[in-house]
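This report looks at pairs of oppositely charged side chains. The sequence and structure come first.

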Amino acid sequence: MPKEKSLEADGVIIEQLPNAVFRVKLDNGYLIKAYIGGKMKLNYIKLLKGDRVKLEMSHYDLTIARIIYRY
C-alpha cells in the first residue's frame, strides 16, 4: 500500500513551551502544538515567537504537528 501524504499547513508561533515544543496558530485560526522536525533540530535552526512556519500533520491526530520549514 502506498504511504499516505501528510497534511501541510502554515502558521505563526505564538508561545514557546518546554522541550522544544511550540504553540502555533494556523492561518485558519486553530491552535495546535508543534515540535521541531529532524533536519531543523540537526542543523540548530532557532525558532522564536512570531516566526512563520510550515507544518506537517498526520491524518490521524490533527492536534500535533511537525515543523518542517521556517520562512
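The sections below describe salt bridges in this predicted model.

## Salt bridges in the whole structure

Searching the entire structure gives four salt bridges.

## Lys54 and Glu8

Lys54 is paired with Glu8, and their closest N and O atoms lie 3.9 Å apart. This counts as a salt bridge because the cut-off is 4 Å between a side-chain nitrogen of Lys or Arg and a carboxyl oxygen of Asp or Glu.

Lys54 is partly exposed, as its relative accessibility is 26%.

## Arg52 and Asp27

Arg52 and Asp27 also meet through their side chains in a salt bridge, with an N to O distance of 3.4 Å. Arg52 is in strand β4, whereas Asp27 is in the loop between β2 (21-26) and β3 (31-36), so this pair ties together parts that are 25 residues apart in sequence.

Arg52 has a relative accessible area of 33% and is partly exposed. Asp27 has a relative accessibility of 52% and counts as exposed, because the exposed class begins over 50%.

## Arg23 and Glu15

A further salt bridge joins Arg23 to Glu15, where the closest N and O atoms are 3.3 Å apart. Arg23 is partly exposed at 25% relative accessibility. Glu15 is partly exposed at 36%.

Note on methods. Residues are numbered from 1 along each chain as its sequence is written. This is a predicted model: local features need pLDDT of at least 70, side-chain atom pairs count only at pLDDT 80 or more; totals for chains, interfaces and linings use all residues. Side-chain values use heavy atoms; hydrogens and water are left out. Buried means under 20% relative accessible area, exposed over 50%, partly exposed in between (1.4 Å probe, protein chains only). Helices (H or I, at least four residues) and strands (E, at least two) are DSSP runs, numbered from the N terminus.
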